[in-house]
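Biologist: I'd like to learn how to read a structure like this one. Can we take it feature by feature, starting with how far to trust it?

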Amino acid sequence: MKTKPFAALCAAVTTLGAAQAETVCTAASLRGNWVVSAVAPGGSPTSICEVSVDRRGRFAGDCITTDPDGSGGVVTLTPETRGRLSMRAGCRVIGTFELNDPLYGWTSASIEGWVWAPTADVPTAGRLLMTQPFQGQNLHLIVDLMRRHPNTTPITE
């Protein structure tokens, strides 16, 4: 009797793995609108961006970034972003992410990670590691991707 739950769990994991393996990962499968969210270590700043990816993997969009101002308030910025994503084998994504920071101008970071779909379809979600050189160190940030539903109101409206 104790092996049945374990067998069911193994079957579920195998099914999930098989579904993810069927994700259509071609250069053009990233095309479309995505929501990109990131929270810096320590919880601040937080950013959410909406980007549109073209068939060659180039993207551009707008972000909303919030950060405490040190006196109990919150600073909200709306920088623009741009970059490029490339699809690799196994649904691996690499690329660059640039942000027009009001304090530093255009800053650049490298990104890499994976995308997936719950069924045999184009990717609908992903997780990336962003690495940005800053003041002699590399800052690392986990970034989540979700394909934006076409009927959703843009975040900047």
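Modeller: In the chain, H1 has the lowest confidence, with a mean of 40, while S5 has the highest, at 95. The score is pLDDT, the predictor's confidence in each residue, from 0 to 100. Helices (H or I, at least four residues) and strands (E, at least two) are DSSP runs, numbered from the N terminus. This is a predicted model, so to speak of local features we need pLDDT of at least 70, and side-chain atom pairs count only at pLDDT 80 or more, whereas totals for chains, interfaces and linings use all residues. Residues are numbered from 1 along each chain as its sequence is written, and side-chain values use heavy atoms, with hydrogens and water left out.

Biologist: What is the mean pLDDT of the chain, and where does pLDDT stay under 50?

Modeller: The chain has a mean pLDDT of 83, and 85% of its residues reach 70 or more. Residues 1–21 stay under 50, and the model has 5 contacts for them beyond four places in sequence; contact means heavy atoms within 4.5 Å. Where pLDDT is low, the predicted coordinates should not be read in detail.

Biologist: Fine. In which order do the elements of the chain run?

Modeller: From the N terminus on, α-β-β-β-β-β-β-β-β-β, that is, 1 helix and 9 strands.

Biologist: Now cysteines. How many disulfides are there?

Modeller: The test is a distance: a disulfide is a pair of cysteine sulfur atoms within 2.5 Å. That gives 2 disulfides here. One joins Cys25 to Cys91, S to S 1.8 Å. This link of Cys25 and Cys91 is right-handed, with 95 degrees about the S-S bond. The pair connects distant parts of the chain, 66 residues apart: Cys25 is in the loop between helix H1 (3–21) and strand S1 (32–39), and Cys91 in the loop between strand S5 (80–88) and strand S6 (92–101).

Biologist: And the other one: which cysteines, and which parts does the pair tie together?

Modeller: Cys49 and Cys63, with sulfur atoms 2.1 Å apart. Cys49 sits in strand S2 (residues 46–53) and Cys63 in strand S3 (residues 58–68), so the pair ties together parts that are 14 residues apart in sequence. The link of Cys49 and Cys63 is right-handed too, with 100 degrees about the S-S bond. Number the bonded cysteines in sequence order and the pairing reads 1-4, 2-3.

Biologist: Are these cysteines buried or exposed?

Modeller: Buried means under 20% relative accessible area, exposed over 50%, partly exposed in between (1.4 Å probe, protein chains only). Cys49 and Cys63 are both buried. Cys91 is buried as well, at 9%, but Cys25 counts as partly exposed because its relative accessibility is 21%.

Biologist: How much of the chain is buried?

Modeller: Buried residues make up 28% of its 157 residues.
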